[in-house]
Amino acid sequence: MKYRIERLEQAQVADIYSQYLTKHFPADEVKPLKSINRMWDMGAYRAYAMYSEEATNQDNDAVQPTLIGYAFFATAPTCDLILLDYFAILEPCRGQGLGSLFLQELKNLLPDYKGILIETEDIDRAQNETELQTRRKRDLFYEKNGVLRTRVKGTVYGVHYAVWNFPLSGISDDVSCQKGMEQIYRIMIPGEKNTKYVKIEIAF
């Protein structure tokens with residue numbers, strides 16, 4: 001498959017948000033678009049999309065790009081880590097290894113960062129077998145792709161997350177990952193709401 005990855009403009013992010021993201025993620029994980037736009041305007045948000053390039057006729061002289069997946073990132077102005085805020089492959093494209101391909105390609109597009117922070121719903125907090133299997137499958141995907149589990153845990157509006165680190169230019173220890181998450185969340189959820197609803201800690 002021919003594909004390309006491009007960095008998105010703000011209007012493209014809004015289109016993907018409304019057409020796909022709101023359907024791909026649980027409602028309690030979808031932040032308002034105005035929050036994304038606020039971070040974008042601060043220079044603390046960026047996004048990439050992976051497109052296939054399929055010929056639209058037999059002469060192969062016209063190409064129609066088709067969205068395969070997208071990756072939205074949040075960071076903080078002085079932070080050397082970047083958080084993978086949303087990552088998804090569209091349903092028709094799943095099961096073909098494209099998620100792994102996209103994730104590995106992203107490593108080359110973020111040279112200014114030491115690593116990518118990734119949150120997954122905490123497997124230790126699964127409420128039933130279905131949740132457990134879903135979370136285990138997601139964790140295995142990241143492990144297979146070289147993402148490292150940290151001891152950092154996050155609680156955001158009552159939702160419990162495990163924090164992972166995908167090294168880019170070096171390994172960041174748990175303290176660095178914790179501090180990076182705190183910096184980023186102070187941008188994502190500022191002020192009193194951050195103090196009240198966000199907790200980032202190292203589990204011992």
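**Exercise 1. Overall form**

What radius of gyration would a compact globule with 204 residues have, and what radius of gyration does the chain have?

*Solution.* The structure is a predicted model, in which local features need pLDDT of at least 70 and side-chain atom pairs count only at pLDDT 80 or more, while totals for chains, interfaces and linings use all residues. Residues are numbered from 1 along each chain as its sequence is written, and side-chain values use heavy atoms, with hydrogens and water left out.

Step 1. The radius of gyration is taken over C-alpha atoms, and the globule rule is 2.2 Å times the number of residues to the power 0.38. 
Step 2. For 204 residues, a compact globule would have a radius near 17 Å. 
Step 3. The chain has 17 Å, which agrees with that value. 
Step 4. The C-alpha trace spans about 60 × 40 × 35 Å along its principal axes.

**Exercise 2. Secondary structure**

State how many helices and strands the chain has, and give their order.

*Solution.* Step 1. Helices (H or I, at least four residues) and strands (E, at least two) are DSSP runs, numbered from the N terminus. 
Step 2. The chain has six helices and eight strands. 
Step 3. Starting at the N terminus, the order is β-α-α-β-β-β-α-β-α-β-β-α-α-β.

**Exercise 3. The nonpolar cores**

Identify the residues with the most contacts inside the largest nonpolar core.

*Solution.* Step 1. A nonpolar core is a set of buried Ala, Val, Leu, Ile, Met, Phe, Trp, Tyr and Cys residues joined through side-chain atoms within 4.5 Å. 
Step 2. Buried means under 20% relative accessible area (1.4 Å probe, protein chains only); of the 204 residues, 45% count as buried. 
Step 3. The largest core has 42 residues, and Tyr70, Phe72 and Tyr185 have the most contacts inside it. 
Step 4. Helix H5 (residues 174–188) contributes the most to this core, namely six residues. 
Step 5. A second, separate core of 23 residues includes Ile68, Ala71, Ile118 and Phe166.

**Exercise 4. The setting of Ile116**

Is Ile116 buried or exposed, and which residues does Ile116 touch?

*Solution.* Step 1. Ile116 lies in strand E5 (residues 115–121). 
Step 2. The relative accessible area of Ile116 is 0%, so this residue is buried. 
Step 3. Contact means heavy atoms within 4.5 Å. Not counting residues up to four places away in sequence, Ile116 touches Phe73, Ile82, Leu84, Leu110, Trp164, Asn165, Phe166 and Leu168. 
Step 4. His24 is 92 residues from Ile116 in sequence and 21 Å away in space, C-alpha to C-alpha.

Conventions. Buried means under 20% relative accessible area, exposed over 50%, partly exposed in between (1.4 Å probe, protein chains only).
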